[in-house]
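User: I am new to this structure and would like to learn how its features are read. Please guide me through them one at a time.

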Amino acid sequence: GSKEMQPADRAGLMLDSYALVKAGQMKPEDLIKLMACYSKEDDTTVWQALSGALGGLETVLSDDDAIYGSYLSFAQKLVRPLVDLVGWEPSDDDEHLTGLLRGNMVSLLETFCYSDEAVAGEADRRCKAFFADPTDVKA
């Protein structure tokens, strides 16, 4: 599995593969197959690479009605487990990188999981809490 490689190598593989897609040297479908190997990823650096590739493909594929829905569904399945991994709420024992991953998670959820009722409900609750009290950093 992908966990046999060090995080820097897993991130590098994703970045290089995405660069090959952008250069027309690799099919987007092959990059998506590679991304599927990252389904249990928990490293912040690797998620930063994944995030860039996911977002880039989303931009490219959004014009292709035939594949876009399937891509969004795939991306949602890849991204959604981050909620269980890092959660919405910071905890006292969070490391710095966990906080960064949580921020990345929120951005990815916004892009790919907006139709997920649990995600949308939590985002709505947090938005309302923030508007009610903008000084509440937990909102």
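**Reading the fold, step by step**

Analyst: Among contacts in the protein chain between residues at least 6 apart in sequence, 59% join residues at least 24 apart. Please keep in mind that this is a predicted model.

User: How many helices and strands does the protein chain have?

Analyst: The protein chain has 7 helices and 0 strands. Along the sequence, the pattern therefore reads α-α-α-α-α-α-α.

User: What share of the residues counts as buried, and what is the accessible surface of the protein chain?

Analyst: Of the 139 residues in the protein chain, 37% count as buried. The accessible surface is about 8,300 Å², and carbon and sulfur atoms account for 55% of that surface.

User: Which residues have the most contacts inside the largest nonpolar core?

Analyst: The general idea comes first. In soluble globular proteins, nonpolar side chains tend to be buried together. In this structure, the largest nonpolar core has 35 residues, and those with the most contacts inside it are M14, L31, M35, W47, L54 and F112. Two or more residues each are given to this core by helix 1, helix 2, helix 3, helix 4 (65-79), helix 5 (81-86) and helix 6 (96-112). Helix 3 supplies the largest share, 8 residues.

User: What does L54 touch?

Analyst: Not counting residues up to four places away in sequence, L54 touches M35, W47, Y71, A75, L78, V79, L108 and F112.

User: Which residues of helix 4 are buried?

Analyst: An α-helix has 3.6 residues a turn, so residues three or four places apart point the same way. In helix 4, the buried residues are Y68, Y71, L72, F74, A75, L78 and V79. The length of helix 4 can also be checked: at 1.5 Å a residue, its 15 residues should span 21 Å, and its end C-alpha atoms are 21 Å apart, which agrees. At the start of helix 4, a side-chain oxygen of D64 comes within 3.1 Å of the backbone nitrogen of A66.

User: Where is Q76 placed, and with which residues is Q76 in contact?

Analyst: Q76 is in helix 4. Leaving aside neighbours within four places in sequence, Q76 is in contact with P81, F112, C113, S115 and D116. The pair Q76 and C113 shows how sequence and space are read together: 37 residues separate them in sequence, while their C-alpha atoms are 5.5 Å apart.

User: How many salt bridges are counted?

Analyst: The count comes to 1 salt bridge. R10 forms a salt bridge with E41, with 2.8 Å between the closest N and O atoms. The pair links distant parts of the chain, 31 residues apart: R10 is in helix 1 (residues 7-22), and E41 is in the loop between helix 2 (28-36) and helix 3 (44-61). Both R10 and E41 are buried.

User: Is R102 buried or exposed?

Analyst: R102 has 8% relative accessibility, so R102 counts as buried, the cut-off being under 20%. R102 lies in helix 6. Apart from neighbours within four places in sequence, R102 is in contact with V86, G87, W88, E89, P90 and D94.

User: Is P90 buried or exposed?

Analyst: P90 is exposed, because its relative accessible area is 54% and exposed means over 50%. P90 lies in the loop between helix 5 and helix 6. In sequence, P90 and R102 are 12 residues apart, and their C-alpha atoms are 8.3 Å apart in space.

Terms used. Residues are numbered from 1 along each chain as its sequence is written. This is a predicted model: local features need pLDDT of at least 70, side-chain atom pairs count only at pLDDT 80 or more; totals for chains, interfaces and linings use all residues. Side-chain values use heavy atoms; hydrogens and water are left out. A salt bridge is a side-chain nitrogen of Lys or Arg within 4 Å of a carboxyl oxygen of Asp or Glu. Helices (H or I, at least four residues) and strands (E, at least two) are DSSP runs, numbered from the N terminus. Buried means under 20% relative accessible area, exposed over 50%, partly exposed in between (1.4 Å probe, protein chains only). A nonpolar core is a set of buried Ala, Val, Leu, Ile, Met, Phe, Trp, Tyr and Cys residues joined through side-chain atoms within 4.5 Å. Contact means heavy atoms within 4.5 Å. The expected span of a helix is 1.5 Å times one less than its number of residues. A polar contact is a pair of N or O atoms within 3.5 Å; within protein, one must be able to donate a hydrogen and the other to accept it, and residues adjacent in sequence count only if both atoms are side-chain atoms. Accessible areas come from the Shrake-Rupley method with a 1.4 Å probe; for residues, only the protein chains shown count as cover.
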